[in-house]
Amino acid sequence: MDFLLSGLAACGACVFTNPLEVVKTRMQLQGELKAPGTYQRHYRNVFHAFFTIGKVDGLAALQKGLGPALLYQFLMNGIRLGTYGLAEARGYLRTDEGIHSPVRSAAAGALAGVMGAYLGSPIYMVKTHLQAQATSEIAVGHQYKHQGMFQALTKIGQKHGLVGLWRGAMGGLPRVVVGSSTQLCTFSSTKDFLSQWEIFPPQSWKVALAAAMVSGIAVVLAMTPFDVASTRLYNQPTDTRGKGLMYRGILDALLQTARTEGFFGMYKGIGASYFRLGPHTVLSLFFWDQLRSLYNTYTK
């Protein structure tokens with residue numbers, strides 16, 4: 001039940017934040033491996049990107065990749081939050097004195113995140129391809145021209161096999177390790193702190209909401225460089241064997257980006273990342289906490 005509630009919570013958040021994921025993906029691919037000022041900026045900022053995509057590609061384009069995004073969130077976060085929830089319920093995240101341990105919490109979050117992300121990697125790759133697809137007028141990054149999630153998975157599987165479906169999975173793991181450990185550690189620590197200091201009434205939804213807001217800020221700052229590199233690894237063109245033509249791995253992607261686009265190139269789309277990751281973190285953790293509370297209330 002913990003896995004099911006976790007997956008549903010993530011899907012609920014995804015419906016609201018997917019348009020921001022589309023914007024974030026486009027902004028991260030814009031000017032890929034090009035020096036600042038040498039390319040046309042189709043998307044100047046988050047709000048301009050929203051307007052441009054809606055105007056040129058149509059409003060429906062802001063929900064591109066929603067199908068694989070929902071499936072990925074259900075798989076990845078169902079496993080991630082469900083596993084973490086079990087560890088928390090069984091007391092593995094507390095010391096012998098009953099005090100919350102940030103180290104154990106970060107380790108559990110990272111391990112749970114890796115499990116979920118690796119299994120959901122093919123879905124995430126296709127989601128990235130679909131969200132990057134645009135009218136040639138505003139296209140950025142490599143354009144795959146998929147017709148949909150199932151067609152894309154079938155095509156990649158037939159052409160490159162299982163290796164092709166899991167291309168970029170290892171490169172995407174550092175992103176999830178950093179993001180998941182930061183998110184769950186800061187969420188649990190902040191929630192514990194707020195409860196101890198009785199800033200809000202006991203069992204109040206405000207405790208979960210405030211903890212999720214703090215967690216969202218921490219995640220964006222820690223995760224964005226790895227998120228940019230991961231998006232580019234998944235979206236890069238491949239040779240006949242399914243091997244990426246632009247990057248050898250996550251470290252190569254980070255180094256090439258920093259070398260050609262500067263330090264801030266690794267933080268491309270941070271505005272979209274914040275507007276997406278912030279609300280997504282708040283909503284998913286808030287829904288997760290509330291669904292678990294409701295379940296525990298009605299099953300006692």
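The accessible surface of the protein chain comes to about 14,000 Å², and carbon and sulfur atoms hold 66% of that area. Accessible areas come from the Shrake-Rupley method with a 1.4 Å probe, and for residues only the protein chains shown count as cover. This is a predicted model, in which local features need pLDDT of at least 70 and side-chain atom pairs count only at pLDDT 80 or more, while totals for chains, interfaces and linings use all residues. Residues are numbered from 1 along each chain as its sequence is written, and side-chain values use heavy atoms, with hydrogens and water left out.

Of the 300 residues in the protein chain, 53% are buried. Buried means under 20% relative accessible area, exposed over 50%, and partly exposed in between (1.4 Å probe, protein chains only). The side chains include 28 positive and 15 negative ones, and the centres of these two sets are 9 Å apart. Lys and Arg count as positive and Asp and Glu as negative, whereas His and the chain ends are not counted. Each charge is placed at NZ of Lys, CZ of Arg, CG of Asp or CD of Glu.

**Fold**

Nine helices and zero strands make up the secondary structure elements of the protein chain, in the order α-α-α-α-α-α-α-α-α. The radius of gyration is 19 Å, close to the 19 Å that the globule rule gives for 300 residues, so the protein chain is as compact as a globular protein of that length. Helices (H or I, at least four residues) and strands (E, at least two) are DSSP runs numbered from the N terminus. The radius of gyration is taken over C-alpha atoms, and the globule rule is 2.2 Å times the number of residues to the power 0.38.

Along the principal axes, the C-alpha atoms fill a box of roughly 55 × 40 × 35 Å. Among contacts with a separation of 6 or more, 79% join residues 24 or more positions apart; contact means heavy atoms within 4.5 Å.

**Residues in helices**

Thr-128 belongs to helix 4 (residues 102-132) and is buried, with a relative accessible area of 1%.

Ile-217 is in helix 7 (residues 205-235) and is partly exposed at 44% relative accessibility. Between Ile-217 and Glu-21 there are 196 residues in sequence and 17 Å in space, C-alpha to C-alpha.

**Loop residues with positive phi**

Leu-33 is not a glycine, yet its phi is positive, at about 55°. Leu-33 sits in the loop between helix 1 (2-29) and helix 2 (46-56). Lys-145, also a residue other than glycine, has a positive phi near 60° and lies in the loop between helix 4 and helix 5 (149-165).

**Cysteines**

The count comes to zero disulfides, a disulfide being a pair of cysteine sulfur atoms within 2.5 Å. Cys-11 is in no disulfide, and the nearest cysteine sulfur, that of Cys-14, is 6.7 Å away.

| Residue | Relative accessibility | Class |
|---|---|---|
| Cys-11 | 15% | buried |
| Cys-185 | 14% | buried |
| Leu-33 | 23% | partly exposed |
| Lys-145 | 55% | exposed |
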